[in-house]
Amino acid sequence: MFSFTREEDIKKSERMTAVVHDREVVIFYHRGEYHAMDIRCYHSGGPLHLGEIEEFDGRPCIVCPWHKYKITLATGEGLYQSINPKDPSAKPKWCSKGIKQRIHTVTVDNGNIYVTLSNEPFKCDSDFYATGVFKVIQSSS
């Protein structure tokens, strides 16, 4: 668990970035809830902290500024629109690619924000961009 900010700060900016045990994360405050995920998009490493939050199929998503990939804040699922080509009157519907972005736990205690990294054992597509040469947060040293 890593504390990096006060609750009042993130409520003003609605997002913050941090390095937690050498893993870069972005924390969003959206509609009264906190969400944390790897900072780089699972698709090609786009900077999610610079994306916009939009709703798709009733689910708040961060939209990657590079290629417009949509990632749910709550689960890390990649969303896409699909249509049945055999049905000429079909309307596009939102579908899930599965969990693509690693989601981390945010806790608030006495006005402090804490992030606990996911220790889920599955391999997540965003893991590739989470550390090492793809870092986007400049160190202060």
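Predicted model: local features only at pLDDT ≥ 70, side-chain atom pairs only at ≥ 80, totals over all residues.
Five strands form an open sheet in the order β5-β6-β7-β8-β9, and their pairing is antiparallel. The edges are taken by β5 (52-56) and β9 (93-99); each has a single partner strand, so one side of each is left without a neighbour in the sheet. On average, and with direction ignored, neighbouring strands of this sheet are turned by 40 degrees against each other. Strands of a sheet pair through backbone hydrogen bonds, in either a parallel or an antiparallel manner. Within this sheet, strand β7 (residues 70-72) and strand β8 (residues 77-82) are antiparallel partners, paired over two bridges. Here Lys70 has Leu79 of β8 standing opposite.

Turning to charged side chains, the structure contains eight salt bridges. One of them links the side chains of Lys11 and Glu7, with an N to O distance of 3.6 Å. Both residues belong to helix α1 (residues 7-13), where a spacing of four residues separates them by about one helical turn. Lys11 is partly exposed, its relative accessibility being 39%.

Arg23 and Asp127 form one in which the closest N and O atoms are 2.7 Å apart. Since Arg23 lies in strand β3 (residues 23-30) and Asp127 in the segment after β11 (112-116), the pair ties together parts that are 104 residues apart in sequence. Arg23 is buried, with 15% relative accessible area. A further salt bridge joins Glu55 to Arg31, and its closest N and O atoms are 2.4 Å apart. Glu55 is located in strand β5 and Arg31 in the loop between β3 and β4 (33-38), so this pair ties together parts that are 24 residues apart in sequence. The two partners are described by separate accessibility classes: Glu55 is partly exposed at 37% relative accessibility, whereas Arg31 is exposed, with a relative accessible area of 65%. Salt bridges with shared partners also join Arg23, Asp38, Arg102 and Asp127 into one network.

Glu77 is part of strand β8 and counts as buried, at 17% relative accessibility. Its side chain makes a polar contact of 2.9 Å with the side chain of Thr75, and another polar contact, of 2.6 Å, joins the side chains of Glu77 and Ser96. With neighbours within four places in sequence left aside, the residues in contact with Glu77 are Arg59, Lys70, Ile71, Thr72, Ser96, Gly98, Ile99 and Lys100. Glu77 and Lys97 are 20 residues apart along the chain, and their C-alpha atoms are separated by 6.5 Å.

Finally, the cysteines deserve a brief check. The number of disulfides is zero, where a disulfide would require a pair of cysteine sulfur atoms within 2.5 Å. For Cys61, the closest cysteine sulfur is that of Cys41, and the distance of 12 Å is too far for a bond. Cys61 is buried, with a relative accessible area of 0%. Cys95 is likewise in no disulfide, the nearest cysteine sulfur being that of Cys61, 13 Å away. Cys95 also counts as buried, at 15% relative accessibility.

Technical notes
Residues numbered from 1 in each chain as written. Heavy atoms only, no water. Pairing = 2+ DSSP bridges. Axes fitted to C-alpha atoms, helices over the stretch in contact; angles between N-to-C directions. Salt bridge = Lys/Arg side-chain N within 4 Å of Asp/Glu carboxyl O. Buried < 20%, exposed > 50% of the residue type's maximum accessible area, 1.4 Å probe, protein only. Contact = heavy atoms within 4.5 Å. Polar contact = N/O pair within 3.5 Å; in protein donor to acceptor, adjacent residues only side chain to side chain.
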